[in-house]
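Visitor: Hi! I'm new to this one and would like a quick tour. Can we look at it together?

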Amino acid sequence: MTTVHALATALADAFLAGDGWRRADLVGQGGLVLGVRRRWLWPVADAVLVAHPRPPADRPRELATFLSTLEPLRAAVAAAREHQRPIVIRARPVTPTRTVSRPWHTPIIDTVGDLAAMLDLSIEHLDWYADRRAINRRATAHRLHHYHHRWTDRGRLIEAPKSRLRALQRRLLTEVLGPIPVHPAAHGFVPGRSAHTFATVHTAQPVVIRIDLLAFFTHIPATRVHGLFRTAGYPEPVAHTLTGLCTTRTPSPVLRRAPTGLPHRATRLAALRTGHLPQGAPTSPALANLCAYRIDRRLTGLAHAFDITYTRYADDLAFSGDLTTRRIHDLIAAVTDITRDEGFQVHPAKTRVRGRADRQLLAGLVVNHHPAAPRDEYDQLRAILHNAARTGLAAQNRTDHPDFAQYLIGRVLWVGRHHPARAAKLATLLTNALAAP
């Protein structure tokens with residue numbers, strides 16, 4: 001027997017596939033799908049036109065959901081079931097969805113077919129990578145999974161996409177996500193911003209507060225990612241497919257390997273079971289920033305109310321200014337409430353409050369006077385370079401880094417930034433180390 005959902009979906013597709021959006025047009029399209037113009041199609045068409053004066057060309061699922069609530073349609077299905085006279089769906093037209101709004105300069109992708117063409121895929125391959133039929137999430141064999149999974153010593157789950165999906169995600173990162181602006185308070189994984197820009201605004205402040213969000217990527221659900229793509233103007237089927245390409249559900253065998261001492265274990269595993277951003281996908285940092293726009297806006301407003309400064313670097317929230325002990329407690333309580341309201345969770349054990357007499361550390365930088373790497377990090381790097389000049393790079397590569405020379409160059413640039421004396425000393429040592437046999 002045809003269900004209410006199946007009938008509503010077929011009629012929604014039929015209505016949107018027609019050339020007109022008048023009562024006669026909708027009844028005619030419904031008659032084509034059912035093989036006959038049933039009487040209840042007229043009141044259904046009237047209700048649709050009242051709820052949607054213009055065709056919801058980008059929202060076929062919303063239209064189908066609305067249709068499934070209409071009493072004439074539900075009564076028709078009930079009567080057919082009672083009298084054993086099934087309502088037969090004789091045709092299933094393809095809904096020509098289209099983009100009806102475009103707030104940013106993102107590419108126009110009207111249909112799932114357009115998305116497949118943009119990514120140089122067939123519809124079947126797009127379905128496979130987006131897992132629209134839930135094959136991947138139910139598969140037990142690792143070769144059928146789209147991600148490699150690894151639990152780190154710190155209790156984080158790295159979900160790294162396999163090469164083909166990673167390539168697709170990189171294209172989406174550049175072409176679809178790139179044009180969408182992030183909140184000014186976000187500094188992690190944003191072109192032109194960095195850990196230094198994140199920390200600089202908190203330099204030489206009486207009090208610096210760092211608050212960590214628990215399992216940041218995991219707590220951004222697929223529903224929020226879908227909402228972002230809909231806000232960007234993409235039709236429901238396109239937004240649904242884009243969401244599938246950028247989110248995942250962790251397979252049960254991987255969850256069973258979770259460390260027994262994992263903090264907040266039940267909460268984190270529950271989030272991993274549902275659709276979420278995978279930590280390890282190239283699209284996840286950008287999507288996390290975009291999905292965190294509302295929490296950034298609310299925390300910025302909270303900071304203004306306290307007359308202090310707020311920035312965020314991935315899951316690190318930083319506040320600084322002149323605060324009394326009482327106001328510090330009030331601020332942390334308010335931040336905890338806002339983050340919970342937005343679907344995130346504060347990691348209380350990692351909250352740090354530091355005054356001028358303490359070492360104020362943000363994103364690995366000490367900000368008491370000016371953003372700089374800690375002295376012990378500088379001393380350690382200087383010792384490595386000094387020893388490398390005497391014994392060679394290989395002898396100092398105790399972590400078996402695949403490109404130790406480039407790693408040292410990056411460390412020198414990091415530690416020497418905004419510190420000319422350190423930079424000059426390290427540059428000399430680096431030159432000697434690279435010249436060593």
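Visitor: How far apart are the mean positions of the positive and negative charges of the protein chain?
Guide: They are 4 Å apart, with 58 positive and 34 negative charges in the protein chain. Bear in mind that this is a predicted model.

Visitor: Thanks! How many helices and strands are there in the chain?
Guide: The protein chain has 21 helices and eight strands. Its C-alpha trace spans about 90 × 55 × 45 Å along the principal axes.

Visitor: And what share of the residues counts as buried?
Guide: Of the 437 residues, 49% count as buried.

Visitor: Which residues have the most contacts inside the largest nonpolar core?
Guide: Those are F229, Y234, L245, L299, F319 and L331, in a core of 62 residues. Helix α17, residues 325-341, gives the largest share of this core, with six residues. Apart from it lies another core, of 29 residues, including L26 and V77.

Visitor: Why would such side chains gather?
Guide: In soluble globular proteins, nonpolar side chains tend to be buried together.

Visitor: Back to L331: what is it in contact with, leaving aside neighbours within four places in sequence?
Guide: L331 is in contact with I209, L302, F306, I308, F319 and L323.

Visitor: What do β4 and β5 form?
Guide: They form a hairpin with two residues between them, and A314 in the turn has a positive phi of about 55°.

Terms used. Residues numbered from 1 in each chain as written. Predicted model: local features only at pLDDT ≥ 70, side-chain atom pairs only at ≥ 80, totals over all residues. Heavy atoms only, no water. Pairing = 2+ DSSP bridges. Helix = DSSP H or I, 4+ residues; strand = E, 2+ residues; numbered from the N terminus. Core = buried A, V, L, I, M, F, W, Y, C linked by side-chain atoms within 4.5 Å. Buried < 20%, exposed > 50% of the residue type's maximum accessible area, 1.4 Å probe, protein only. Contact = heavy atoms within 4.5 Å. Lys, Arg positive; Asp, Glu negative; His and termini not counted. Charge placed at Lys NZ, Arg CZ, Asp CG, Glu CD.
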